[in-house]
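This briefing covers a pocket, a helix and the nonpolar cores of one structure.

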Amino acid sequence: MLDKGLVYIGKIIDMQSIEGADFIVSATVICGEGGKWRGIVRKAEFKQGNLCIVFLPDALIPESEDMAFMKSSNWRVKMRRFRGAPSEVVIMPTRFDFPIGTDCTSSLGVIKYHKPVPPHLQGKMIGEFPGFIPKTDEPNYQNAEGQEYLQKLHGKPYYISEKCDGSSTTAFRYKGKFGVCSRNWELEKDENNGYWKMAIKYDLETNLPEGYAIQWETCGPGIQSNPMGLSEISAFAFSAYKIDEYRYLNAEEMIKLLDYLNFPCATHLSCGDEFNSEIVELLGEGKYGNGKQREGVIVRSRENLLGSKPISFKIINLNYEK
């Protein structure tokens, strides 16, 4: 299946100077369904109102002379700061006369970057990820879905947790069956597999109640360069799901379940009764306990404001380098 949602036709709606930079400026672009982003452009190449091509985070760009500057990042679009200015996307001139928001991902041969799975996490696949549990994938707050969530959460009770840079894991018990899954596959039980190690360590096969799934990030040595500096493979839960009721547990219910299981939770950094969407960019900044820049944060509503699930989106730390 072809990837989509990685490259859009955008329009520059604002350009701001960058202190100490004579030839580049900070540009804000709108991309219709692709969202609203900021990036760095050459002052001589763009004017406010120009159409452009916008490559979103985790787009893997085909090698070409026109995009040779991307070679240093292995042709992957990453969020970062450049001379203090946000560089969330790559903005390029366009020869296309397509409407704003046109998805150009497949036509430009762009695919999505996926984190590599180290050998000790791969395991033996015994089936696809169960269809009765939603996969984990929070949107960036800058894309269209994230922008909608941002406005819906404004003024509502919320909490913010640390985004752990690891590998997504799910354990479930349903109709008498217990299983452990990576992001895309159910895995055969193996005490040497990193995902299963966490399930075994916390005896989930015995203690996870019927009809529940919990989802966590597996982190530690050999996983995504271990930015948290952990001495051993560890788990950090971030959500729980009631399968028969087709809904996520709210924050209070999730904490009660994790306490019952004695299962660790992703660090909660703050919570409040009225989320302020106007300071969203700065919320991602900060460091892990070892002093290294964290990947970012996850912002969630304390209740299920979207029917069966909470509002949830990620804010990437633009100072995070990997």
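On a 1 Å grid over the protein atoms alone, a pocket is an open set of points where a 1.4 Å probe fits, with protein on both sides within 12 Å along at least five of seven lines; lining residues have an atom within 4 Å of a point. The model is predicted: local features need pLDDT of at least 70, side-chain atom pairs count only at pLDDT 80 or more, and totals for chains, interfaces and linings use all residues. Residues are numbered from 1 along each chain as its sequence is written, and side-chain values use heavy atoms, without hydrogens or water.

**Second largest pocket**
- The second largest pocket holds about 660 Å³ of space, a volume being the space filled by probe spheres set on the grid points, which are joined across faces, edges and corners.
- Of its 22 lining residues, Ile40, Phe69, Met70, Ser87 and Val90 are the closest to the centre.
- Strand 8 (90-93) is one of the elements that give two or more residues to this lining, and it gives the most, with 4 residues; strands (E, at least two residues) and helices (H or I, at least four) are DSSP runs, numbered from the N terminus.

**Helix 2**
- Gly146, Tyr149, Leu150 and Leu153 are the buried residues of helix 2 (residues 144-153), buried meaning under 20% relative accessible area with a 1.4 Å probe, protein chains only.
- These buried residues pack against strand 11 (158-162), strand 19 (296-301) and strand 20 (312-316), with contact meaning heavy atoms within 4.5 Å.
- Gly155, with a positive phi near 80°, follows helix 2.

**Nonpolar cores**
- A nonpolar core is a set of buried Ala, Val, Leu, Ile, Met, Phe, Trp, Tyr and Cys residues joined through side-chain atoms within 4.5 Å.
- Among the 27 residues of the largest core, Phe178, Val180, Leu204, Ile214, Trp216, Leu261 and Phe263 touch the most other members.
- Helix 5 supplies the largest share of this core, 5 residues.

Key: Buried means under 20% relative accessible area, exposed over 50%, partly exposed in between (1.4 Å probe, protein chains only).
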